[in-house]
Structure formats: structure tokens, C-alpha cells
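The structure is shown first.

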Amino acid sequence: METSTEKIIAKLKGLGCPAEILEHDPVITIDDVVRILNIPVKKMAKTVLLNQKETGLIAAVLPGMGKVDFVKIANLLNVPKSSVQIANRATMKDLGINPGDVCPFHDFLQKVIVDTDLLKQERVYCGSGDPRKTIVIDPKEMVKAIGATIADISQTTSVNSQTKGGSDE
């Protein structure tokens with residue numbers, strides 16, 4: 001039986017999307033990635049799984065240390081901010097994934113939104129659905145392969161954005 005990661009890799013190959021797979025010790029958090037893979041944080045593509053009743057499951061793909069700005073996501077979806085939430089553990093369990101397994105290539109996603117800052121990189125490192133494998137990919141190719149929306153979805157670093165937006169942590 002093919003694993004979800006093998007399906008994702010096959011999907012990318014089938015779409016003609018060049019991607020490299022790095023195999024390594026398990027990584028769950030950004031700190032793990034920095035420690036184990038020694039990758040610059042700005043080149044990491046962190047995927048946060050969100051849920052919105054009308055839209056469904058959404059992958060917000062951000063630079064490594066970025067935080068989801070829920071106001072920006074809600075405005076993009078044209079829904080109230082309060083209706084956009086981080087997917088809870090029960091949802092993740094139902095999907096058969098753990099927090100470190102979330103990636104922008106899962107078939108169960110209804111929408112993928114990639115932060116504009118990631119497109120400044122030639123290649124990014126993102127999850128594969130397996131904490132022991134990381135996908136290295138051109139972010140423009142990633143967007144094209146999965147039909148992602150490109151938008152500014154990260155919180156800005158100003159003090160005001162903390163009260164206007166909302167943290168993903």
C-alpha cells in the first residue's frame with residue numbers, strides 16, 4: 001500500500017514538477033528543522049492547517065517563522081475572522097495526520113494559500129506528510145502544481161498587527 005508521502009511524490013512527478021526529497025531524522029517543529037537539517041529559516045515553508053466552515057480545510061503556507069494573520073485569511077475568503085481557526089487535533093486524527101505531517105500537497109485540502117514572501121526564494125523546504133522526509137521545491141512550481149492562491153497572509157511585525165491579526169501559536 002502506497003503511503004501518503006509516496007502519493008504526494010508521485011503526484012508531483014506526474015505533474016512534471018521537479019522536486020527533491022531529503023530523508024532525515026524526524027522533524028516536527030521549526031526548531032527540529034533548524035537543528036537537524038540546518039536550513040535557513042527563511043527558506044522553510046511551514047504549513048498551518050486551518051478550518052473554515054464554508055471553505056473547508058485550508059493550508060496556509062508561510063515562511064518558517066511566519067505567523068498566520070487570521071484577518072488577512074478571512075478577508076481573502078470573504079468570511080468573518082472568527083470563522084477561520086487552526087484545525088483541531090480531532091480533525092487531524094480523523095485525517096490520519098499529526099501536526100508535523102501537514103504539508104501543502106495533501107488531497108484533503110480544499111484550498112492552499114502560499115504567502116507572497118515564499119516566492120522570493122529560489123527553492124523552499126516543506127513537509128511531505130512524513131516527518132522523516134522533506135520536499136525541496138521551487139515555490140513557483142509548487143504554486144503551479146497545486147493551484148495555490150498567492151497572498152500576503154503573514155502577520156507583520158508591528159505591534160498593531162498583533163491586535164488586528166491573530167497568532168497561529
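## Helix 3 and its cover

The buried residues of helix 3 are covered by elements that include strand 2 (44-52), strand 3 (56-63), strand 4 (84-86) and strand 5 (111-115). The model is a predicted one. Within helix 3, which spans residues 70-77, the buried residues are F70, I73, A74 and L77. Because they cover an arc of only 95° around the axis, these residues lie on the same side of helix 3. In general, an α-helix has 3.6 residues a turn, so residues three or four places apart point the same way.

Both ends of the helix have a local feature. At the start of helix 3, the backbone nitrogen of V71 has a side-chain oxygen of D69 within 3.0 Å. Just after helix 3, N78 adopts a positive phi of about 60°.

## Pairing of strand 2

Strand 2 is mostly covered, with 8 of its 9 residues buried. Strand 2 and strand 3 run antiparallel and are joined by 8 bridges. The two form a hairpin, with 3 residues between them. In this pairing V48 stands opposite A60 of strand 3.

Strand 2 also pairs with strand 4, in the antiparallel sense and over 3 bridges; here L50 is opposite I86. The pairing with strand 6 is parallel and consists of 2 bridges. M44 has Y125 of strand 6 as its bridge partner.

## Nonpolar cores

The largest nonpolar core comprises 28 residues, and those with the most contacts inside it are L12, L49, F105, V112, V114, I137 and M142. At least two residues of this core come from each of helix 1 (4-14), strand 2, strand 3, strand 5, strand 6 (124-127), strand 7 (133-137) and helix 5 (139-146). Helix 5 gives the most, with 4 residues. In soluble globular proteins, nonpolar side chains tend to be buried together.

Which residues does I137 touch, not counting residues up to four places away in sequence? I137 touches L12, C17, P18, A19, F105, E122, R123, V124, C126 and M142.

## Cysteines

How many disulfides does the structure hold? The number is 0. The cysteine sulfur closest to that of C17 belongs to C126 and is 9.4 Å away, too far for a bond. For C126, the closest cysteine sulfur is in C103, at 6.7 Å, and this is also too far for a bond. C17 counts as buried because its relative accessibility is 6%, and C126 counts as buried at 2%.

## The loop between strand 8 and helix 6

D152 sits in the loop between strand 8 (149-151) and helix 6 (159-164). Is D152 buried or partly exposed? D152 counts as partly exposed, because its relative accessibility is 42%. Leaving aside residues up to four places away in sequence, D152 touches K72, D115 and T116. The side chains of D152 and K72 make a polar contact at 3.0 Å. K7, by contrast, lies 29 Å from D152, C-alpha to C-alpha, with a sequence separation of 145 residues.

Q155 is in the loop between strand 8 and helix 6. Q155 counts as buried because its relative accessibility is 11%. Its side chain reaches the backbone oxygen of V68 at 3.2 Å.

Methods:
Residues are numbered from 1 along each chain as its sequence is written. This is a predicted model: local features need pLDDT of at least 70, side-chain atom pairs count only at pLDDT 80 or more; totals for chains, interfaces and linings use all residues. Side-chain values use heavy atoms; hydrogens and water are left out. Buried means under 20% relative accessible area, exposed over 50%, partly exposed in between (1.4 Å probe, protein chains only). Contact means heavy atoms within 4.5 Å. A polar contact is a pair of N or O atoms within 3.5 Å; within protein, one must be able to donate a hydrogen and the other to accept it, and residues adjacent in sequence count only if both atoms are side-chain atoms. A disulfide is a pair of cysteine sulfur atoms within 2.5 Å. The arc is that of the directions from the helix axis to the C-beta atoms. A nonpolar core is a set of buried Ala, Val, Leu, Ile, Met, Phe, Trp, Tyr and Cys residues joined through side-chain atoms within 4.5 Å. Two strands pair if DSSP finds at least two bridges between them.
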